[in-house]
Amino acid sequence: MYGRKASELVKEFASVEHGQIFTFNNDLFAQVLEECDGHLLHLQPLMRKIQEHEDKLKDKNRSQEEIGTSEDEMSKSQAEKTLIQNALKSDQFGALVHHLSLVRNKRCLMAYVYKRAEVIRSLGWMVDSVLPEEIQEKLSTSEKEYFKNHAATLQSYMAELDLHLTVDMIPPKDPYIKVRVLDDIGEIALSDQVANLARHAIMFLRRTDAEQYITQGQMEELTG
């Protein structure tokens, strides 16, 4: 059945919770593109045949108007016109099926890509400019490039404003938070100090300094 694979793509992202992303389904996406190519291959000759049928009907009508014909010839000509009209309708319906299937597949592919792009853009506000490895594994090559460009644009905009827009979406009660370092990050120059972020170290850092490491899974905030 035409469009079944495209509908599976739509169902796939519809089944995921809002804001979550899943591994890009390269195989199914490629299968839908292949089906689109198939529709196009069927559609092109059908459009040529439709034009041929229409030209034949015009010629038949023109010859009947210009040349007087007997009743038998008129009957024969009408029968030929009926055959051409039937063939024309058959090809028109065939072309319509392939055209609508192609349009539907295109809309499903666009919905799939757009939905994932929405999630990727939202990640730019949560993980700064570096995606965690487990998220990168779920993205296609073009999606990784899209995130890279989006993050760069966002960083450029914030630099122009001299304002960090991706942290403290809710005003904090204290500018400092207690964190535990989960990875051996090393010596880092922070906004107010130079700190050795060794694995398992527990320290108080500015929220703005710690936020990017928390979102990347390299730190965790200790609230107790």
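Me: Which residues of helix α1 are buried?

Reply: Start with the terms. Helices are DSSP runs of H or I with at least four residues, strands are runs of E with at least two, and both are numbered from the N terminus. Buried means under 20% relative accessible area, exposed means over 50%, and partly exposed is in between (1.4 Å probe, protein chains only). In helix α1 (residues 4-14), the buried residues are Ala6, Ser7, Leu9 and Phe13. Seen down the axis of α1, they fall within an arc of 150°, so they line one face of the helix. That arc is taken from the directions that run from the helix axis to the C-beta atoms.

Me: What kind of model am I looking at?

Reply: This is a predicted model, where local features need pLDDT of at least 70 and side-chain atom pairs count only at pLDDT 80 or more, while totals for chains, interfaces and linings use all residues. Residues are numbered from 1 along each chain as its sequence is written, and side-chain values use heavy atoms, with hydrogens and water left out.

Me: How many aromatic pairs are there?

Reply: Rings of Phe, Tyr and Trp (its six-membered ring) pair if their centres lie within 6.5 Å; planes under 30 degrees apart count as stacked, over 60 as edge-to-face, and the rest as tilted. By this rule, the count is five aromatic pairs. Take phenylalanine 24 and tyrosine 112: their ring centres are 5.5 Å apart and their planes are at 65°, so the pair is edge-to-face. Phenylalanine 24 lies in the loop between α1 and α2 (26-66) and tyrosine 112 in helix α3 (residues 71-123), so this pair ties together parts that are 88 residues apart in sequence.

Me: How is the pair of phenylalanine 29 and tyrosine 112 arranged?

Reply: That one is tilted, with 5.9 Å centre to centre and 40° between the planes. Phenylalanine 29 lies in helix α2 and tyrosine 112 in helix α3, so the pair ties together parts 83 residues apart in sequence. Phenylalanine 29 counts as buried at 15% relative accessibility, and tyrosine 112 is buried at 0%.

Me: Which residues form the aromatic cluster?

Reply: Phe13, Phe22, Phe24, Phe29 and Tyr112 form one cluster.

Me: What lies over the face of phenylalanine 22?

Reply: A charge sits over a ring if NZ of Lys or CZ of Arg is within 6 Å of the ring centre and within 35 degrees of the ring normal. Here arginine 116 lies over the face of phenylalanine 22, at 5.1 Å from the ring centre.
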